[in-house]
Structures are given as structure tokens and as C-alpha cells.
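Subject: Structure handover

Hello,

Here is the structure we talked about, with my notes below it. Please look through both before we next speak.

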Protein chains: 2
Amino acid sequence: MSKCRVIIPATQTTILPVRLRRTLESPYPLSLDEIRCAACLIREDACKKNLQIVFNCITLREPQKRDYQAYKHGQCPRPYRRAFAVLLDTNSPGSVIEVIVNLNTVRVEDWNKIDDVVPTLTPTDLELVERIARSHPEVVKACQGLGIQDMSKVFFDSWAIGFDKRWGRERRLQQGLPYYRLSQDDNQYAHPLDFTVIADTNNEEILSVDLHQVDGERAPLPLEEHNYLPSFIQPGYPANTLKPINITQPDGVSFCLDGNVLSWAGYKMHVGFNYREGIVLSDVSIFDPADNRQRPLFYRLSVAEMVVPYGCPEPPHPTKQAFDIGEYGLGLMTNPLRSGCDCKGVITYLNATMTDHRGNPYTIKNAICIHEEDNGLLFKHTDFRDGQSLTARDRRLIISQVVTAANYDYGFYHIFTLDGTYKLEIKLTGILNTSPLSVQQPAHPYGTEVAKDVTAHNHQHIFSLRVDPEVDGAENAVLQCDQESVSDRNGYGNGFICRKTLVRGPCDPAMARSWDIINPTKLNPTCNMPVGYKILNSQYPGMLAQPESIVHQRAAFATKPLWVVPYQDHRLYPAGYYVPQSSGESNQPGNETIIDLAKRDYPHSGDIVCYIQFGVTHFPRTEDFPIMPVEQVGVTLRASNFFRQSPVLWVPTMVIESSESS
Amino acid sequence: MSKCRVIIPATQTTILPVRLRRTLESPYPLSLDEIRCAACLIREDACKKNLQIVFNCITLREPQKRDYQAYKHGQCPRPYRRAFAVLLDTNSPGSVIEVIVNLNTVRVEDWNKIDDVVPTLTPTDLELVERIARSHPEVVKACQGLGIQDMSKVFFDSWAIGFDKRWGRERRLQQGLPYYRLSQDDNQYAHPLDFTVIADTNNEEILSVDLHQVDGERAPLPLEEHNYLPSFIQPGYPANTLKPINITQPDGVSFCLDGNVLSWAGYKMHVGFNYREGIVLSDVSIFDPADNRQRPLFYRLSVAEMVVPYGCPEPPHPTKQAFDIGEYGLGLMTNPLRSGCDCKGVITYLNATMTDHRGNPYTIKNAICIHEEDNGLLFKHTDFRDGQSLTARDRRLIISQVVTAANYDYGFYHIFTLDGTYKLEIKLTGILNTSPLSVQQPAHPYGTEVAKDVTAHNHQHIFSLRVDPEVDGAENAVLQCDQESVSDRNGYGNGFICRKTLVRGPCDPAMARSWDIINPTKLNPTCNMPVGYKILNSQYPGMLAQPESIVHQRAAFATKPLWVVPYQDHRLYPAGYYVPQSSGESNQPGNETIIDLAKRDYPHSGDIVCYIQFGVTHFPRTEDFPIMPVEQVGVTLRASNFFRQSPVLWVPTMVIESSESS
């Protein structure tokens with residue numbers, strides 16, 4: 001029993017389950033009190049079971065879709081609020097415990113041990129390597145070999161291991177990538193070291209120090225300074241080169257936030273957030289004046305996985321294949337934001353609540369940014385006969401977060417515009433991952449020499465947007481749309497059509513191909529075609545790793561621009577729930593990958609889910625170092641015969657008479 | 001002699017050539033006085049030759065590149081200012097006269113008759129069809145057949161003819177597409193008529209009224225109203241749904257305009273404008289603090305051609321293949337702009353000067369808009385160890401124009417950002433071209449029924465951005481960049497590279513392919529690779545018309561995403577100088593198409609020009625009618641190992657200490 005007391009802080013014991021706010025809507029993220037309640041119940045159970053546990057996560061267990069939809073339609077009471085927790089039993093490495101807590105009945109409902117899986121690395125886990133590697137004799141020796149005496153100047157970025165056959169999933173692993181700093185705020189990525197360390201996360205132990213020599217030679221430590229902080233660099237532009245651009249909203253914002261329910265210009269949605277995906281938008285609907293009703297669009301939208309495979313074939317680079325969502329968690333890595341720096345205008349922030357290793361909640365202030373922006377022309381037409389113009393301006397509602405994944409930084413922007421379009425934009429910035437070049441070793445062809453004797457390797461960023469559609473109702477299907485010249489009755493040779501094919505499972509990329517998520521049960525009365533939303537994805541870079549490579553197996557989702565799979569409750573993540581050290585094999589129930597979901601027998605039309613992959617292949621440029629100008633990628637979902645006529649007709653317009661302006 | 005007096009208005013005779021402003025820089029568009037001077041000299045010559053002429057255009061004859069570059073380098077005096085005019089001899093239909101006037105020596109230098117070509121249709125030409133068709137007996141009869149008695153309610157949009165074998169280039173042709181209006185400001189495109197008229201532009205004569213029956217049946221006139229002007233439609237959003245977003249620049253703009261020379265944040269360029277391409281940017285350079293010098297980027301940038309092929313194989317639709325630049329002229333169709341409607345913030349406008357049929361100049365007020373916008377994050381990095389963030393905001397300089405091409409409207413936005421990127425964005429809006437559906441005739445598969453019995457046909461918009469590069473100097477070449485998995489020494493299967501191939505002539509599209517415009521004579525000292533600018537073109541839709549079709553021949557440029565051809569003075573237009581009624585064959589000197597230029601023998605590296613094609617295939621949606629929400633397409637040119645290090649290092653930054661925000 002004494003063991004248990006260690007992990008139940010005395011200050012937490014006063015949190016009584018009865019204090020839970022029972023008004024929370026189903027998709028609302030767990031509150032501080034709910035996390036405290038769940039942790040308390042779990043600790044009690046662990047104590048009874050005589051287990052020494054560490055919390056990996058406590059997050060919302062979303063209700064079953066059937067129950068939640070029935071509740072929304074007034075057919076049954078609100079579903080129970082539940083928490084889902086992943087625990088580590090410190091005496092059972094290589095397995096986890098999954099716990100489900102019912103927050104309404106205040107009971108642990110499920111307690112389940114899962115073997116042969118490795119959970120997310122948390123920020124606390126990631127502090128480990130630097131702490132234990134600096135004083136490790138082999139590490140010190142490896143550094144001395146490069147002339148380094150002061151180990152306080154050596155820093156380690158912790159990465160997941162990819163998959164290392166030496167240990168499989170018997171141990172919970174991290175690899176540490178070492179860098180050197182010349183001074184306190186010096187940019188360490190200009191000084192990469194030529195070895196990596198492998199650490200056991202649970203046992204806090206360095207398992208291996210791997211030197212990466214080329215022809216038996218070590219790469220010298222690059223010492224050239226490449227800084228970006230203002231304290232280091234010359235003033236750039238002369239003063240006043242860029243004069244202020246002020247964006248003000250004297251009457252306030254046009255959106256309304258009621259709890260986490262966000263309304264704006266006909267749209268209505270719920271803004272959620274969790275440790276893994278960060279922002280989750282659910283119950284997204286739009287008001288259609290022609291029908292005088294709120295029409296559903298998406299049951300749930302989130303960035304559910306991503307992978308960053310590196311393209312240098314020499315160790316340790318084949319193990320660099322960051323799954324920033326499944327291995328680290330976008331929620332956990334989220335920046336607190338500040339107006340003027342991250343966004344301009346009138347900003348509304350939401351905090352996020354995360355859980356630490358002891359089961360205690362903590363807050364990331366200003367984790368979610370909600371704001372509006374002017375978005376240029378929405379439409380314009382001039383009658384050339386009398387010169388009269390009609391024009392309207394578009395604007396966008398943006399729900400965003402910024403995350404830091406060691407060297408890289410990503411901005412995620414969920415954007416809605418007045419024409420009924422949803423767009424996910426992702427901004428890639430931060431600092432390139434770098435490696436030292438040994439004497440005579442060229443950076444080419446696997447990288448670019450971005451600073452003297454420092455190479456940045458070719459890599460890809462492939463993101464997976466999970467779209468659980470609800471286009472005008474629950475029954476949806478996907479049509480693949482291909483533009484095609486016709487052979488018959490085309491005497492002038494100009495004829496072409498859009499060939500539409502019902503698809504499911506994995507879909508291949510092709511030039512100018514798009515997909516429509518349709519509702520086959522709802523016809524648009526104007527054109528007599530099913531209502532739909534089009535997926536526009538022109539930024540699928542392909543997966544360049546070979547089919548037998550580990551990353552190709554682990555990130556099978558990324559090998560196709562689109563997967564259409566059956567909906568199943570709680571199956572959100574295309575690389576599985578437990579991603580670290582996964583090998584891509586099919587796995588236990590609850591840990592299915594997209595391959596497992598696609599293998600099932602399911603109809604083309606019904607409750608389907610789309611995973612849309614897009615991103616960029618990054619061949620680094622000298623312009624990307626020491627700090628990377630934003631590179632933007634994105635995917636768009638746009639109304640396609642969803643509305644009976646142009647949805648911009650109800651936006652305020654401006655008429656310009658010819659005499660006014662010419 | 002009396003004939004001549006008719007076309008020399010008395011008010012113009014006082015304009016003396018000596019009043020020319022001799023300070024104009026070489027790429028500056030012709031001034032009012034210069035046009036008057038040129039017209040005066042041309043009229044005098046025409047009078048001497050006893051010709052009755054109509055002016056088709058008077059525009060700047062840009063100096064030869066060799067002379068202009070020598071002048072810029074201080075090696076020779078400023079090149080002469082010259083005007084280029086196209087004239088119609090009213091007694092010689094089917095030919096034109098090209099005249100070159102030297103505005104410094106005040107002399108006509110060249111007077112050249114060209115046979116078998118047809119010049120641009122001007123706004124005055126385009127007024128013709130409606131004027132003469134309304135009273136034409138056959139047209140009246142065709143309308144009566146649809147129940148129309150009041151011909152003042154019938155309107156004709158004039159279009160170029162594509163190519164009509166019935167007349168070839170013997171006559172100068174237009175086709176008129178008829179519409180009906182229920183009331184004065186009614187949207188005519190909801191009421192298309194089922195015939196077209198063919199008119200002779202020079203003789204002001206209706207040549208044919210072509211009824212387009214289906215199975216011997218005429219399509220009834222669609223009478224359902226579909227309006228967008230505020231006087232017709234219900235108030236949309238409740239008042240105050242969208243609260244104002246104000247954008248102010250209390251200290252003014254950050255750019256500086258000296259004549260037409262625009263400077264902003266290191267960039268320097270000349271803003272030109274002509275009747276054909278509209279905005280022309282030339283002498284584009286950027287200051288590089290690392291080199292402490294202005295480095296050239298582009299000798300000249302413009303949208304040089306575009307084509308809109310329609311995909312319905314039934315007449316008259318195969319003849320609908322609008323080349324809005326070569327057939328109508330983006331300059332001529334340019335809107336006068338107004339702050340708040342077309343752009344927000346502090347706007348600087350430039351007027352444009354065009355020439356009418358009598359050789360008189362006229363002004364389009366506010367034709368060019370120059371303004372700055374905030375552009376979100378330029379970069380961000382957070383040190384996860386101490387939580388300190390560094391961030392900078394990007395902004396963009398935008399040089400834009402909006403044109404109206406009958407039913408369609410296009411916004412052209414030339415955009416520069418702080419990381420050295422140039423992006424051309426084009427916004428497509430306005431109203432769909434429509435046709436009536438006869439009873440039982442489905443809109444599918446060649447169109448979409450956007451209103452009852454009204455179809456909008458499948459079509460493409462393919463634009464051609466002409467880039468005359470000067471990347472760090474005159475000698476440039478193009479590398480095709482393909483991402484490629486490697487087979488050798490790739491035991492882990494993760495290795496991939498960028499394969500680069502020197503190319504010229506037409507280049508094929510491929511997934512994730514890009515091109516680098518490099519200067520093979522200048523190495524970036526950081527990475528030891530040639531300096532370059534990357535062409536990012538993910539929006540090439542392919543040309544869907546079959547190879548033997550007329551539009552495929554005429555718009556050969558649009559069949560490839562990129563052409564790399566040799567530079568030749570005055571060869572700007574990829575479909576030739578004389579586009580109306582062209583058949584795509586090789587033609588006279590001066591009227592070469594891109595096919596002719598690509599056939600020449602030229603080295604891969606040297607003074608090359610790139611034509612970049614991009615756009616969209618538009619399968620109309622019900623959302624696009626009666627007014628089309630903006631659809632955006634674009635192409636990007638981005639520094640690629642051009643700078644030694646990140647060009648954003650000299651942009652003002654904001655440091656966020658961890659304690660401030662978390």
C-alpha cells in the first residue's frame with residue numbers, strides 16, 4: 001500500500017468525483033476536474049491491484065457515434081462522459097494498461113492489459129535522454145573524441161526510434177541526437193555530432209552509443225556559428241523598412257463561442273482538443289437559407305497522423321521517421337500563443353488541458369487560437385455594357401495551433417470561408433534536422449550542405465487529415481473524378497467529361513484527379529445529382545521509401561493520397577493507436593491500422609471515413625538554414641452540388657457604379 | 001486627301017511631337033503624348049499613302065534586350081523610345097499594317113503590310129454584334145420562334161470565332177451569343193438563346209444565323225430568374241453577421257514608387273502595362289545583404305496568353321475557345337478599381353493608357369493596384385528546453401488588376417513575399433457561360449444543369465506565365481527535378497534523391513515534378529550548387545481536347561506545363577502575335593508561336609525564356625451560379641539555393657519569453 005501513496009499526491013485526494021461539471025457536452029475535452037476524478041479512481045484501482053503505475057495519458061473517450069447521434073436527434077439521453085487512460089505498469093515493460101472511467105457513474109469500467117505495444121513519448125519522457133546521456137562514460141568518450149570537454153554544452157534531442165530490431169518492443173526506446181552549443185542561446189543545429197545514443201525510457205538506461213563513421217573516419221564537429229536570434233545577428237532591414245499594418249475589429253468579432261461551440265456566418269461546430277491530434281472539430285454544419293435549416297457537413301475533422309521519413313540510406317538516418325502525432329502527440333507539443341506574433345486581429349484563445357505522468361492535469365494557456373481574417377475577393381462581376389460592378393469580400397474563420405517538435409515547428413490552420421469551403425493549411429517552419437559531414441564526404445545526393453560541413457538530408461512530410469463525413473446526413477460514399485477526353489461523337493475533338501467511379505479502400509493518385517464525398521440518398525434538385533463535397537488534394541508527394549522498408553510498412557497510410565474505410569468507434573489513427581516501435585504488422589483489436597480497416601468487408605456507401613494524405617518532399621535549400629521560411633501545404637474540401645445555388649448570394653455586397661470609378 | 005481628314009480629329013493636330021517627355025525609362029508604357037505623337041505621324045503617313053486606316057493598337061515597342069542591358073550597365077545611351085501600331089486598311093480586309101514609330105527621332109521607321117492574319121478584337125469591335133444583330137431579320141425571326149417580340153431585351157456577347165472553315169481568315173469574324181433579359185438589370189446568363197450569329201467585323205455584316213437544334217427541336221427560352229444584384233435578392237445574413245475588419249497603415253506604406261519603379265523590402269522592379277498582357281513586371285531584382293548588392297531575378301514577367309476551351313462536342317461549342325489575351329487583350333478589358341471593394345488597406349493605384357480606333361489615347365483610371373498585406377507567419381521556432389520563441393510575420397506586396405471578359409471576371413495578383421518568393425495568383429469569378437437545354441436533353445455529361453433547363457458546360461482555363469529569367473545574370477538554364485527512390489546502396493530502403501536533368505523545349509508533367517531556373521555560371525558558396533529559382537506548378541490540368549482538334553493546334557502552348565525556348569526580341573506570345581482565327585500553323589516572321597520558337601537550334605544554357613502553364617478544369621457546380629465564388633489558381637517561383645542562407649534573417653522579429661505566455 002505504501003507504493004500507492006507515492007503516486008497519489010495528498011493534495012489530490014480532496015477532489016471528489018461529485019464536483020464534476022455535468023453540463024459538459026459529449027465532445028468537450030476533459031476538464032481539469034474530470035482528469036482529477038479519473039486519475040483518482042485509477043489510482044485507487046491500481047492501489048487495490050497493488051500496481052505501481054505511471055500515467056501516459058488521460059483523454060476523452062468519445063461517445064459511440066450511434067449513441068451521440070441518437071442524443072442529438074433527441075432520441076436518447078446524453079451519452080455518459082468517459083475518460084480513457086493509458087498506464088505504464090513499471091514492473092511490466094513492453095505492455096500497457098488501458099483504462100476506461102465512466103465520469104457519470106464515477107466508476108472504472110474497464111481495465112485491460114495490452115502486450116507488445118509501446119505508447120506515445122511524453123514531454124517528460126523526452127527530457128530523459130539529455131539528463132542521463134551527458135554523464136554516461138561512453139557518451140563522454142565519444143564527445144572527447146571530437147574535442148569536447150564541457151559536457152554541459154552538449155544537448156540531446158530525443159526522437160522515437162522508428163523500429164530497431166536489436167530490441168523490438170521488449171524495451172521502450174528513444175534515440176538521442178546530440179548537438180553542441182558554443183554559448184547559451186547558440187543554435188545547436190549548426191553543430192551536430194556524429195553519433196546517436198539509444199535509451200531505455202522506462203529503466204532510464206543508455207543501451208548503446210552508436211558512432212556513425214564513414215570509411216572508418218569520424219566527422220569533425222562543425223563549429224561555424226549560424227544563429228537567428230536577434231542577439232546574434234546584425235540588424236537586417238534599415239529601421240522603418242516595414243511600416244505597421246494594423247488590423248482592428250472595432251465592433252468585435254463576428255463569431256460566437258458558447259462553451260466550445262463556435263458559430264460563424266452560418267457555420268456551427270464544436271472545437272475539441274486532445275493530447276494526440278490537438279484540435280478536433282466535430283459536429284460541423286452550415287446553415288442553408290434555401291432550405292432554412294442547418295445541414296451537417298462533417299461528424300469529425302482532425303489531423304490524425306503524420307510521418308517525416310528521412311531519405312539518407314546510411315545509419316542512423318533510416319531510423320529517422322518521425323510520426324509526430326502517434327509518437328509524440330500534437331496536443332502535448334502545443335505552443336502557448338501570443339497575439340501579434342502568431343496571429344493578428346482580435347484573437348480569442350482557448351486553453352488546453354493535458355495530463356502529466358502522475359495523472360495531474362496541467363494547462364497549456366492559449367493553445368487554440370480562433371480569429372477571423374479578410375480573405376480578398378469573394379466574387380466580382382462587371383457588366384461590360386454599363387460598367388456597373390458587384391463585388392463582395394470573403395473572410396475566413398481560422399482555428400489554429402502551433403506545435404514544436406524538437407527542431408521543427410508546425411502551424412495547423414483549420415479554415416472556413418464564406419463559400420462553404422473548409423481548408424486545412426499547415427505551415428512548416430523551424431530548423432532543419434542536420435548531420436555533420438566527414439572530410440571528403442559530399443552532401444549530395446542525399447542532402448544539401450546548408451552550412452560548412454553540415455548537411456540537411458532529403459525528407460518528406462506527409463500528413464493525414466481524417467474526415468469523418470456527414471454530408472447532409474450519415475450515409476455517404478466517395479466518387480473518384482477523372483477528367484477524360486471522349487472518343488465517341490466527338491467530331492471536333494474538343495469534348496471531355498468527368499468520369500466518376502465509386503471507390504473504397506486505398507485510392508491512387510493521378511494528374512488532375514479529385515474525389516467527391518457524396519450523399520447518394522440526397523439529390524440536389526437543381527442539377528439532379530447527389531449533394532457532395534469535393535476533396536481537392538494537389539499536394540500528395542508520394543511515399544519514396546521502398547515497399548519493403550520499415551517506414552513504408554509503418555506508414556502504410558502515407559502510400560496513398562486517400563483511403564476510404566468503414567467507420568468504427570474509437571478507431572482514429574491510421575498507423576494504429578500505439579505507434580512508437582510499431583513495425584506495421586496487423587495488431588491487436590484497438591490498435592488497428594488503416595490496412596486492417598480497409599481489409600474488412602464493407603459497402604461503398606454507408607458510414608465511411610476518409611483519410612486524406614498530402615504534404616511535401618523537402619530537398620533542403622540554403623535558404624532553409626538556420627531558420628526555415630514557412631513552407632505551406634494544404635488540402636481543401638469544397639461544396640460540390642451541395643447547395644442549390646451559389647452560397648455567396650447571402651453575403652453583403654458592394655455595388656460600384658461605373659461613374660464612381662472610371 | 002479628304003478621307004484622311006476624317007480620321008485626324010482637329011483637336012489632335014496641335015499635339016506636337018516635341019512635347020514628348022524624354023525622361024521616360026525604356027520599359028515605361030507609352031504616355032498620352034507619345035500615343036498622340038505616334039498616331040499623328042502614322043496618320044500623316046497613311047494620308048500620304050492614300051490609305052483609310054483604323055487603329056487596332058498603339059503600344060510600346062520594347063527595346064532590344066541587348067541594347068537595354070548595355071544601357072543599364074552604362075555601356076551605351078538609353079535606347080530609343082518606340083511605338084508599335086497595328087492598323088487595319090479598310091480596303092484590305094484579311095491583312096494588317098504594322099508600323100514602328102521612333103519617338104525620339106519622331107519618325108515612322110517601319111511600315112509593313114502582313115497578309116492572312118487577324119488582329120485582336122477591341123472593345124469597340126465587340127460592341128458591333130449587339131448593335132447590328134438586333135435588327136437583322138433572320139435574328140428577329142429566330143427570336144420570334146422562341147416567343148420573343150421585344151428585341152431590346154435581347155443581348156449579344158461577342159466572342160472570337162475560334163476558327164471557322166467557312167471563312168478562314170478572309171474575313172474578320174466574331175460570333176454573337178444571344179441572351180434575354182426579363183428586366184433592365186436581370187442576369188441574362190439565366191436566359192441563353194439557342195442560336196449564334198456570325199458577324200464580319202470590318203464590314204459590319206451578319207454572315208450567318210446558326211440555329212443549334214437537337215433532333216430537329218429548338219430549346220425553349222429558359223425564363224426562371226437567377227439574379228445576384230442586391231435589388232433582386234432577399235437580404236442574406238442578418239444585419240451585423242459580419243462585423244468590420246479594418247486594415248490601416250498609420251505610417252503609410254512600406255513601398256516606394258518612383259515613376260513606375262517600385263521598391264519594397266529589398267525588391268526593385270518596373271511596373272509596366274500594355275493593351276495585351278496588362279501588367280508587365282520587368283527588371284525585377286532583390287537586394288542581398290550577404291553580397292551587399294542588388295541581384296537580378298527576372299528580366300520580364302507577364303501573363304502572356306490563356307485559353308478557355310469548352311468541352312461540349314456539339315456546335316457551336318467547339319468554336320468556344322477564348323484566348324482572352326491574344327483575342328481580346330487583358331489591358332483593354334481591365335476594370336477601374338476601388339479601394340475596399342477590390343483591395344483593402346492603403347492602396348496606390350496607377351492608371352493605364354489605351355488607344356481607341358481613331359488613334360486617340362484614353363485612360364483607365366485605377367487600372368493597377370499596388371498594396372501590401374500581412375501574410376501570417378514568416379517563421380517561428382520555439383526552443384523546447386526553455387520555451388523561448390522567435391517569430392516573424394511575413395507580408396506581401398501585391399500588384400494586381402481585374403479584368404472582365406464578357407461573362408467571366410479574372411483577378412491577376414503578382415505577389416512578392418519577404419522570403420524572396422514570387423507568386424502569381426489568379427482569381428476566377430463572374431458568371432458561367434450558359435446554354436439552353438432542349439426538352440429531354442440531359443446536361444450530363446458535358447455540363448451541369450445550374451438552373452432549370454440551363455446548362456453550363458465543362459471547360460478549362462489554362463494560363464501561360466511568361467518568365468524571362470535573369471537569375472543572377474543573363475545566362476540561365478532549366479533543370480527538371482524528379483524525386484526518385486534509389487536502388488543501389490539502399491539496404492534500409494529509405495533512400496531517395498532529387499534527379500536533375502537539363503531540359504529545353506516542351507517539358508512533360510509528372511507527379512511531384514518541379515523545375516529549377518539556374519545560373520550555371522554562378523555557384524552558391526554554401527552548398528557549391530548553381531544559384532536558382534524553383535518553379536512550383538501543381539496546377540497544370542492538361543489539355544483535354546484531342547491532338548487533332550483545332551484548339552489543341554491553336555493553343556499548343558497549353559499542352560505542356562513548361563516550355564523553355566530561346567529568347568528573341570519582341571516574341572512574347574506563345575500562340576503567336578495574331579491569335580484571332582489562327583489555325584495553329586507556323587506563320588510569318590513576327591507571328592511565331594511557341595512551336596516555332598522551340599523548333600530552333602539553341603543551347604540549353606543561355607538567354608532562355610520559360611512559359612509556365614497552369615489552371616483548372618472546371619466542371620460547373622450549382623454553387624457557381626448565378627455568381628461564381630472565387631476559384632484560385634497560381635504558380636510560384638521560389639529561391640532555391642539562390643541565397644547563401646535564410647533570406648528571412650533580416651526581417652524584424654519578435655521574441656516571446658516562455659514566462660510571458662505560458
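In this predicted model, chain A superposes on chain B by a rotation of 180° with 0.0 Å of shift along the axis, and the RMSD is 0.0 Å. The two copies are therefore related as by a two-fold rotation axis. Within chain A, Ile247(A) has the C-alpha nearest that axis, at 2.3 Å.

On confidence, the model has an ipTM of 0.96 and a pTM of 0.96. The average pLDDT of chain A is 93, and 96% of its residues score at least 70. Residues 1–18 of chain A are below 50, and this stretch makes 21 contacts in the model beyond near neighbours in sequence. Where pLDDT is low, the predicted coordinates should not be read in detail.

Now the interface. Of the interface residues of chain A, 99% are also interface residues in chain B, so the copies meet through the same surface. Chain A puts 160 residues into the contact and chain B 159 residues. Between them the two chains bury about 12,800 Å², with 56% of that area on carbon and sulfur atoms. Which three residues supply more of the area that chain A buries against chain B than any other three? They are Tyr237(A), His381(A) and Phe496(A), which together account for 6% of it.

As for specific pairings, 12 salt bridges cross the interface of chain A and chain B. In a salt bridge between the two chains, the side chain of Arg638(A) meets that of Glu631(B), with 3.4 Å from N to O. Polar contacts between chain A and chain B come to 80 residue pairs, counting pairs with both residues at pLDDT 80 or more. Strand E17 of chain A (residues 361–382) gives the largest share of the side of chain A that touches chain B, with 12 residues. Sorted by class, that side of chain A holds 76 nonpolar, 51 polar and 33 charged residues.

Over all chains, the whole structure has 94 salt bridges. One within chain B joins Arg300(B) to Glu62(B), whose closest N and O atoms are 2.8 Å apart. Arg300(B) sits in strand E14 (residues 293–309) of chain B, while Glu62(B) is in the loop between strand E1 (53–61) and helix H3 (65–72) of chain B, so this pair ties together parts that are 238 residues apart in sequence.

Regards

Definitions and conventions:
Residues are numbered from 1 along each chain as its sequence is written. Chains are lettered from A and ligands numbered from 1 in the order in which they are written. Side-chain values use heavy atoms; hydrogens and water are left out. pLDDT is the predictor's confidence in each residue, from 0 to 100. Contact means heavy atoms within 4.5 Å. Copies are superposed by least squares on the C-alpha atoms of residues with pLDDT of at least 70 in both. Buried area is the accessible area (1.4 Å probe) that two parts lose on being put together, summed over both. A salt bridge is a side-chain nitrogen of Lys or Arg within 4 Å of a carboxyl oxygen of Asp or Glu. A polar contact is a pair of N or O atoms within 3.5 Å; within protein, one must be able to donate a hydrogen and the other to accept it, and residues adjacent in sequence count only if both atoms are side-chain atoms. Helices (H or I, at least four residues) and strands (E, at least two) are DSSP runs, numbered from the N terminus. Ala, Val, Leu, Ile, Met, Phe, Trp, Tyr, Cys and Pro count as nonpolar, Asp, Glu, Lys and Arg as charged, and the others, Gly among them, as polar.
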